[in-house]
Amino acid sequence: MRNRLLPFLSLPVLMLPAVAMAEVPSVAVDIPPVHSLVSRVMGELGSPDLVIQPGASPHGYSMRPSEARSLADADVMIFVSDELTPWLAKARETLAADADAVELMEVPGTLHLRYREGATFEAHHDEHDDHDSHDDHHEHAHAGMNPHGWLDPMNARLWLAEIAESLAARDPEHAATYRRNAQAGQWELDAMTESLSARLAQVQGTRYIVFHDAYQYFEHRFDAPASGAISLGDASTPSPARVKEIQARVARDNIQCVFREPQYNPALIESVFEGTGVKTSIVFEPLGVGLELGETLYPQLIERLGQGILQCADA
Ligand SMILES: [Zn+2]
C-alpha cells in the first residue's frame, strides 16, 4: 500500500495538498445504539451508515439494496456481535471483506453475561463470562453469550475509545478529534450512569417481566433484576409452556409490570395478562425505537429504560 504513494512524491508541489487531504472513512454500523456511539466519536466530521433500519429486529433481517451498498462501500464496519446478527457475518464476508471489522463484544474488557435459562430468573444468578480470556481472539467459545451488551453503559464507555482508535487508524489526521470526542462521550455516560443509579436505588426490588431476554446488562449495571422474560433471547415466539410459567410467576410473586416491546407481538402480552391487574402499557425496548438517530440516541435509550422501571414502581 505505502509503496503506491511514492510516485506522488515526485509530483509538482502544487499537487501535494490534494494528496495530503485526509478523507474521513466511510463507516457502516448495525443498530441505532451503535450508530449513536459512532456519531458521538465522529462529531462534525461525518456520520455512519445504518445497515439495520430503526424499529427492525437485528436477530433476523434482510438488507435493502441501499443498505447492502453501504456495507460494500464501508472502510470500517462497526457492529455488536456475530451472535446478535448471524446473517450479517455472511454479508460482511461477501460485501465488506476489505473493510476493517470492529466487533464490539470482542473489545478487551467488555463485560459478558450468559443468557439465563428458563422463563423465570432466579435472584442473584447472573453469570459473568468476563473472566474468560478475550485477549485471545482465536477463542470464540461464546455458546450462550448474551449479545445485548450495549445496554451496559460501561461497555459503551469502553467501546467509545475503541471506535476512536479504529477511526484514527484509518484517518490519522483526525485522530485527536476522534479521541477528544470519545473522551467527552465517556464523561457524559459516567454522569448519566451515576444519576440513573441514584434514582433507581430508590425503587429497588421493583418486580417486572421483560418481553425478551435482552436487558440483562442493564439490570446488572443498575442492580434492577427482572423476574423473567416472556420470549427467548432471540425474541422468537414463546412456547405455550413458557407462557404458562410466566403467568404463574406473575400471580405468585405479585409482579407489578410486564413490559412490552413495540417490535414484537404486543397482542400476546394483552391476551396473556388481561385482567390480572399487572401493568402492561409500559414500553421497554433495547434499540431506541422512536428516538432521533444521532449521538443523543444512546443516552436517551438508557435513560428511557430507567424511566420504565421508575414508572413501573410508581403504583
Ligand atoms: Zn434482542
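Helix α10 buries Leu297, Tyr298, Pro299, Leu301, Ile302, Leu305, Gly306, Gly308, Ile309 and Cys312 in this predicted model. Elements that cover those buried residues include α2 (32-42), α5 (153-170), α6 (175-201), β7 (208-212), α7 (216-221) and β9 (257-258).

**Helix α10 and its partner α6**

- α10 has 17 residues, which at 1.5 Å a residue should span 24 Å, and the 24 Å between its end C-alpha atoms agrees with that.
- How far apart are the axes of α6 and α10? They lie 11 Å apart, and the two helices pack at an angle of about 0°.
- Angles under 35 degrees count as roughly parallel, so α6 and α10 are roughly parallel to each other.
- On the α6 side, the residues that meet α10 are Glu188, Leu189, Met192, Leu196, Arg199 and Leu200. Their counterparts in α10 are Pro299, Ile302, Glu303, Gly306, Ile309 and Leu310.
- Sorted by class, this contact of α6 with α10 has 8 nonpolar, 1 polar and 3 charged residues.

- α5 is 18 residues long and reaches 26 Å from its first C-alpha to its last, close to the 26 Å expected at 1.5 Å a residue.
- Which residues of α5 are buried? They are Pro153, Asn155, Ala156, Trp159, Leu160, Glu162, Ile163, Ala164, Ser166 and Leu167.
- The cover over these residues of α5 includes α2, β3 (76-79), β4 (100-103), α6, α7 and α10.
- The axes of α5 and α6 come within 8 Å and cross at roughly 175°. Angles over 145 degrees count as roughly antiparallel, so that is how α5 and α6 run relative to each other.
- From α5, the contact takes in Pro153, Ala156, Arg157, Leu160, Ala161, Ile163, Ala164, Leu167 and Ala168. From α6, Ala175, Tyr178, Arg179, Ala182, Gly185, Gln186, Leu189, Met192 and Thr193 meet them.
- The residues of the α5 contact with α6 divide into 13 nonpolar, 3 polar and 2 charged.

**The largest nonpolar core**

- This core has 73 residues, and the members that touch the most others are Val34, Val41, Met77, Ile78, Ile163 and Ile209.
- Which helix gives the most to this core? Helix α10 (residues 297-313) does, with 7 residues.
- Leaving aside residues up to four places away in sequence, Met77 touches Ala28, Leu71, Arg92, Ala96, Ala99, Ala101 and Val102.

**Two loop residues to look at**

- Most residues other than glycine have a negative phi.
- Asp223 has a positive phi of about 50° although it is not a glycine. Asp223 sits in the loop between α7 and β8 (228-231).
- Is Asp223 buried or exposed? Asp223 is exposed, with 10 other C-beta atoms within 10 Å, and 12 or fewer is the cut-off for that label.
- Asn254 is not a glycine either, yet it has a positive phi of about 55°. The place of Asn254 is the loop between α8 (240-252) and β9.
- Asn254 has 10 C-beta neighbours inside 10 Å and so counts as exposed.

**The chain as a whole**

- The chain has 10 helices and 9 strands.
- Of its 315 residues, 41% are buried.
- Taking contacts between residues at least 6 apart in sequence, 67% join residues at least 24 apart.

How values were computed: Residues numbered from 1 in each chain as written. Predicted model: local features only at pLDDT ≥ 70, side-chain atom pairs only at ≥ 80, totals over all residues. Core = buried A, V, L, I, M, F, W, Y, C linked by C-beta atoms within 7 Å. Buried ≥ 20, exposed ≤ 12 C-beta atoms within 10 Å, placed from the backbone. Helix = DSSP H or I, 4+ residues; strand = E, 2+ residues; numbered from the N terminus. Contact = placed C-beta atoms within 7 Å. Expected span 1.5 Å × (residues − 1). Axes fitted to C-alpha atoms, helices over the stretch in contact; angles between N-to-C directions. Parallel < 35°, antiparallel > 145°, perpendicular 65-115°, else oblique. Nonpolar A, V, L, I, M, F, W, Y, C, P; charged D, E, K, R; others polar.
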